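The sequence and the structure are shown first, and the description follows.

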Amino acid sequence: MPSQLDDLASFAAVVSAGGFREAARTGRVSASALSEAVRRLETRLGLRLLHRTTRSIAPTEAGQRLFDRLSPALGDVTAALDSLDAFRDRPAGTLRVNVPANVARTVLPDLLARFLAAFPDIRVEITAEDGFVDLIAAGADAGIRYDERLEQDMIALPIGPPTQRFVLAAAPAYLAAHGTPAHPRDLLGHQALRVRFAGGATPLWEFRRGEEVVRVDPPSRMICRPGLASDLLVDSALSGLGLVYIFEDWIADHLASGRLVPLLADWWESFPGPFLYYSGRRHLPAPLRALVDFVRAETRAG
């Protein structure tokens, strides 16, 4: 039975990571050992679990069904083992958190510095991606997202700034060449630097002043996937290529220095900050419990 459980865990790790090499990078076994474990499992079950090519792997229908049932069970096993950390003098273990790139850049650095200083035996693994994530399937203990992206059956608590906002800005050189917009509809005559989500949607730019809401679809000079590629949008705005509409924290230093000029500031809309969320259906691993308690204490102190 222990060997079979190890093979099942290896299979789940390969599917979660999207490949043998990727799983080996995050685990403590080689890609060849993972491949052999999956072969043993397929032989034992008499079923092919993975489609393999020279470049990628994908679960078969049987493999996907096994993975979907297996992931919560393995999560419970991990949680049961991690719960033993409560018997130690201080929490220990690995905490895996899935976050959007903006949070990784603007919220986590200071917060994690304080958290890890308070809990030196905890190790944190951060995955930054902006799309919707199934925490269990992704192998994460917790996630951070904004309220419109939270799953309904998750426990959520505020983390980081209570409110944030998107701001519109451009370089002085761009404004000197193209003029300064006085109303959101003026943006239709300007060049925008925009994002497109993985699903193909390019979100409209939304502005609010009092009861008036204006959504515009300005022409795009450059389109990037959201996330750390947003640095490219900011650099392009600094170079005078167009207008950028982005989290205020991302460009606060450029606004303060004057390298970017704020535009239509009376139309900027505030919205709730991010939330830490996690499943409440099982006992929390000790590292996650430590983070939850830490965030709650900071929220009360703030």
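Strand S15 (residues 275-279) is largely enclosed by the rest of the structure, because five of its five residues are buried. Buried here means under 20% relative accessible area, with exposed set at over 50% and partly exposed in between, for a 1.4 Å probe and protein chains only. Helices (H or I, at least four residues) and strands (E, at least two) are DSSP runs numbered from the N terminus. In a regular strand the side chains alternate between the two faces of the sheet. On S15, Phe-275, Tyr-277 and Ser-279 point one way, whereas Leu-276 and Tyr-278 point the other way, and all are buried.

The model is predicted: local features need pLDDT of at least 70 and side-chain atom pairs count only at pLDDT 80 or more, while totals for chains, interfaces and linings use all residues. Residues are numbered from 1 along each chain as its sequence is written, and side-chain values use heavy atoms, with hydrogens and water left out.

**The sheet around S15**

Strands of a sheet pair through backbone hydrogen bonds, either parallel or antiparallel. Two strands are taken to pair if DSSP finds at least two bridges between them. S15 belongs to an open sheet of five strands in the order S4-S3-S5-S15-S6, with mixed pairing. Strand S4 (122-128) and S6 stand at the edges with a single partner strand each, so one side of each is left without a neighbour in the sheet. From one strand to the next the twist averages 25°.

On one side, S15 pairs with strand S5 (residues 142-145) in the antiparallel sense over three bridges, and Tyr-277 of S15 is the bridge partner of Gly-143. S15 also runs antiparallel to strand S6 (residues 154-158), to which five bridges join it; here Tyr-277 stands opposite Ala-156. S5 in turn pairs with strand S3 (residues 93-99) in the parallel sense over two bridges, and Gly-143 of S5 is the bridge partner of Asn-98.

Two helices lie across this sheet. H6 lies across S3, S4 and S5 and runs at about 165° to S4. H11 lies across S3, S4, S5, S6 and S15, at about 145° to S15.

**Helix packing**

Two packed helices are described by the angle between their axes and the distance between the axes. The axes are lines fitted to C-alpha atoms, for helices over the stretch in contact, and angles run from 0 to 180 degrees between N-to-C directions.

| Helix pair | Angle | Axis distance |
|---|---|---|
| H6 (residues 108-118) and H11 (residues 286-301) | roughly 120° | within 11 Å |
| H9 (residues 230-238) and H10 (residues 248-257) | about 25° | 11 Å |

Angles under 35 degrees count as roughly parallel, over 145 as roughly antiparallel, 65 to 115 as roughly perpendicular and the rest as oblique. H9 is therefore roughly parallel to H10. Contact means heavy atoms within 4.5 Å. Ser-230, Asp-231, Val-234 and Leu-238 of H9 meet Trp-250, Ile-251 and His-254 of H10 in the contact. These residues divide into four nonpolar, two polar and one charged. In this scheme Ala, Val, Leu, Ile, Met, Phe, Trp, Tyr, Cys and Pro count as nonpolar, Asp, Glu, Lys and Arg as charged, and the others, Gly among them, as polar.

H6 and H11, by their angle, are therefore oblique to each other. Their contact is made by Leu-111, Arg-114, Phe-115 and Ala-118 of H6 and by Pro-287, Ala-290, Leu-291, Phe-294 and Glu-298 of H11. The division is seven nonpolar, no polar and two charged.

**Other parts of the chain**

Strand S8 (residues 192-195) runs parallel to strand S11 (residues 220-224), joined by four bridges, and Leu-193 stands opposite Met-222 in S11. S8 also pairs in the parallel sense with strand S12 (residues 243-247) over two bridges, where Leu-193 stands opposite Val-244.

Leu-49 is placed in the loop between helix H3 (31-45) and strand S1 (50-52). Leu-49 is buried, with a relative accessible area of 1%. Leaving aside neighbours within four places in sequence, the contacts of Leu-49 include Phe-11, Leu-41, Pro-59 and Leu-66. The C-alpha atoms of Leu-49 and Tyr-277 are separated by 31 Å.

**The chain as a whole**

The chain contains eleven helices and 15 strands. Its C-alpha trace spans about 70 × 50 × 30 Å along the principal axes. Of its 302 residues, 40% count as buried.
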